[in-house]
Number of protein chains: 2
Amino acid sequence: MEQDQTPSEKPGHPPAQAILHELRTAENSAAHLLPKLHSMKESNPHLTLLDVGAGSGTISVSFAQLIPDGHVTGIDLNPNILPRARAVAEKADVKNIEFQQGSIYKLPFADETFDVTFCHQVLIHIGTPWDALREMLRVTKAGGIVAAREGDYETECVWPELPELCKFHKLMAGLMSAGGGTPTAGRQLLSWALKAGVERSQITLSYSTTSYHTPSEKKHCSQGLCDQLRGGSLREKALKFGLGSENDFEEMAKAWEEWAEREDACLAMLHGEILVQK
Amino acid sequence: MEQDQTPSEKPGHPPAQAILHELRTAENSAAHLLPKLHSMKESNPHLTLLDVGAGSGTISVSFAQLIPDGHVTGIDLNPNILPRARAVAEKADVKNIEFQQGSIYKLPFADETFDVTFCHQVLIHIGTPWDALREMLRVTKAGGIVAAREGDYETECVWPELPELCKFHKLMAGLMSAGGGTPTAGRQLLSWALKAGVERSQITLSYSTTSYHTPSEKKHCSQGLCDQLRGGSLREKALKFGLGSENDFEEMAKAWEEWAEREDACLAMLHGEILVQK
């Protein structure tokens, strides 16, 4: 789920924090779902898929490319991100997709609408993720799949361990908690699905990683994090919650720039993943 | 690298802490190496592979099965584990393998002996892992591969977060550090390879996870950890280093038993992986 855009950001243009979000695709962020999606597509090419908290829409668009005879709906709480998502789809020349505004807690769809309902890095940010999963299950057809992938922020590991990067880690965890989220979402995903009323036998649990270590990945990662520290809504929220000063954020940004130049630099995090068979 | 066996353990039988170690195979513990191994095998079926810190030998044996016209040498610092490794090979009817005693710091082989030199969860336990990598490079042929996979213990995440399991986590990290090891090996693996004198362009870095969450995995995991807490060398070392009392260890073991019975239970850890092209 995207943060609000700052007023200076133009509709259809990526918000300050989008560099990292827009690296996400179905291939790198929903790999645990893809074998099941392909087998479902074989028996029904006209699959319908809902991507909840679609943000800039890069994952939604790659799903739409994977089910060319199907249809993808991307939904996000933030209406300001929708023009950007539509621009991403248009640039990829993807037509079997639409984006609309809506909350994961009250999806604007009838029961049993979609074959597949997916979310990525959404449950980590919200207060009662089991309610969200219950709502995702509601709009999913019997025999369909609910899939989620959520990071476990406390597994994030960065090298070299520059002091300002450790402070940044605490800042991000603090922001997540202050916003009502759960930094340890990855390890709790299974428990949340059970709390949503799903049987253990319906759930397939797995884990994967996200990492940045090639020159190009380091550049994008550093630039994305510096953008967040030097502008945009994340910085505003951090200031509002008293989680640091403008000077602190500038020091952290400089540390990320230094990190990106180091050849021993790497950043990795573990993600929890579930597939729920409805 | 295996811990020493207690005197009560019989040669050829698994030591107390072996349940988890013996779940390891090339497929689940060296997946990053397998595509390269297969392509090397195509041009040379007679590959030679060295598995350093082979322990009970389950990874070595599965390597030997993957290169049936090649040959695997497993080496371990602890001579008491060698009969167990030979028994594992014999049970699998694998002949193209041998096990011998030796140190990763002074491998008993001439320069450029092996096509592939591998280690798993060895560098995490030793004081100067870059020296070990340099030694692994020495015994590897020009054009060959050095591969390593090391956990990052600080990324271990367990659910539910029973207090005794958090104490167990600290105990294991304390033991690793007290023994001269590095609990954050996974994130440092790249930096260690650079420190061993390798160029960044020779190194392919990746990450993967190890996890336990199915009923069978939870049973094996709990049983393996309880065995370590109730007997064997790990318990002895923990007592020696003053990292807890017998009562503490019994409480931790009970918590692992409770964990294994919970349907929301899971345990996962991130591992760093390198392939070094010599």
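How many salt bridges does the structure hold over all chains? The structure holds 30 of them, a salt bridge being a side-chain nitrogen of Lys or Arg within 4 Å of a carboxyl oxygen of Asp or Glu. The model is predicted, so local features need pLDDT of at least 70 and side-chain atom pairs count only at pLDDT 80 or more, while totals for chains, interfaces and linings use all residues; side-chain values use heavy atoms, with hydrogens and water left out. Residues are numbered from 1 along each chain as its sequence is written, and chains are lettered from A and ligands numbered from 1 in the order in which they are written.

Helices (H or I, at least four residues) and strands (E, at least two) are DSSP runs, numbered from the N terminus. Four of the five residues of β1(B) are buried, so this strand is largely enclosed by the rest of the structure; buried means under 20% relative accessible area, exposed over 50%, and partly exposed in between, with a 1.4 Å probe and protein chains only. Two strands pair if DSSP finds at least two bridges between them. β1(B) runs parallel to strand β2 (residues 71-76) of chain B, joined by five bridges, and B:Val52 stands opposite B:Ile75 in β2(B). Four bridges also join β1(B) to strand β4 (residues 114-120) of chain B, again in parallel, with B:Leu49 facing its bridge partner B:Val116. Together with helix α4 (residues 58-66), β1(B) and β2(B) make a right-handed β-α-β unit; right-handed here means that, with the strands pointing away from the viewer, the path from the first strand over the helix to the second runs clockwise.

Turning to the charged pairs, side chains of opposite charge can pair when their charged atoms come close. In the salt bridge between B:Glu112 and B:Lys278, the closest N and O atoms are 3.8 Å apart. B:Glu112 lies in the loop between β3 (97-101) and β4 of chain B and B:Lys278 in the segment after β8 (266-277) of chain B, so the pair ties together parts that are 166 residues apart in sequence. B:Glu112 is partly exposed, at 42% relative accessible area, and B:Lys278 is partly exposed at 29%.

Other pairs sit within one helix. B:Asp131 and B:Arg134 form a salt bridge with closest N and O atoms 2.9 Å apart, and both lie in helix α6 (residues 129-138) of chain B, three residues or about one turn apart. In helix α7 (residues 163-178) of chain B, B:Glu164 and B:Lys167 are likewise separated by about one helical turn, and their salt bridge has closest N and O atoms 3.4 Å apart. An α-helix has 3.6 residues a turn, so residues three or four places apart point the same way. In chain A, A:Asp111, A:Glu135 and A:Arg138 are linked in a network of salt bridges.

The side chain of A:Arg200 does, however, reach the backbone oxygen of B:Glu263 at 3.3 Å.

Definitions and conventions:
Polar contact = N/O pair within 3.5 Å; in protein donor to acceptor, adjacent residues only side chain to side chain.
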